[in-house]
Amino acid sequence: MKVVFIGSHGTGKTTLCREMRKIDNNYKANDGVSRPIKKCKDRIGLSSKDEQLIINELTFFNWEFYKTVDNIFLTRSPLDCEVYSRVFGWEDLAEECENRIREIDLFNTEDVIWVYLPIEFELDNDGVRFMDEELQKSIDKEFKRLIKKYNINVFKIQGSIENRVNKLKQIINNYE
């Protein structure tokens, strides 16, 4: 089983992933590729669009690998690639992501639980994430739009980290 957390940056995906790993060592975790790429973007002179292109490529590459891995929490998926590409106005990248998502039939997988985390917390400046609340809201809005567009069966989890952990444990137990 794979649990994929979706939602804008700063919604607690990584935190929830870490907390769940503390509870259940049987699960692996992957926090995606965007943070390390963002950390070296300026050092290697990438434009923002090139940065997103690399994030997209590595995310799709990872997705193919993770299809073979059981018991994993993922904080990024190919859906994120389409969301961020659209929000930043790179329609060519977004259309490529949409085509690839349809090609790999991203949402027709029985062993994936999609978990949407809404915006509930103040942004925490980790030196990597965007600190723009309006951008965060735009990204959240695009996630909601694509959830409807692709008719994704998602579980919405909100509240304190304890509430989120308990709800996710329930979902996983009911799913198994």
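Read along the sequence, the chain of this predicted model follows the pattern β-α-β-α-α-β-α-α-β-α-β-α, with seven helices and five strands (DSSP runs numbered from the N terminus: H or I of at least four residues for helices, E of at least two for strands). The radius of gyration, taken over C-alpha atoms, is 15 Å, close to the 16 Å that the globule rule gives for 176 residues, so the chain is as compact as a globular protein of that length; the rule is 2.2 Å times the number of residues to the power 0.38. Of the 176 residues, 46% count as buried (under 20% relative accessible area, with exposed meaning over 50% and partly exposed in between; 1.4 Å probe, protein chains only).

Leu-135, Gln-136, Ile-139, Asp-140, Glu-142, Phe-143, Leu-146 and Ile-147 are buried in H6. Seen down the helix axis, these fall within an arc of 160 degrees, so they line one face (the arc uses directions from the axis to the C-beta atoms). Their cover includes strands S1 (2-6), S4 (112-116) and S5 (154-156) and helix H4 (78-87), while exposed Glu-134, Lys-141 and Lys-148 sit on the face turned away.

Residues are numbered from 1 along each chain as its sequence is written. Local features need pLDDT of at least 70 and side-chain atom pairs 80 or more, whereas totals for chains, interfaces and linings use all residues; side-chain values use heavy atoms, without hydrogens and water.

Notes: Contact = heavy atoms within 4.5 Å.
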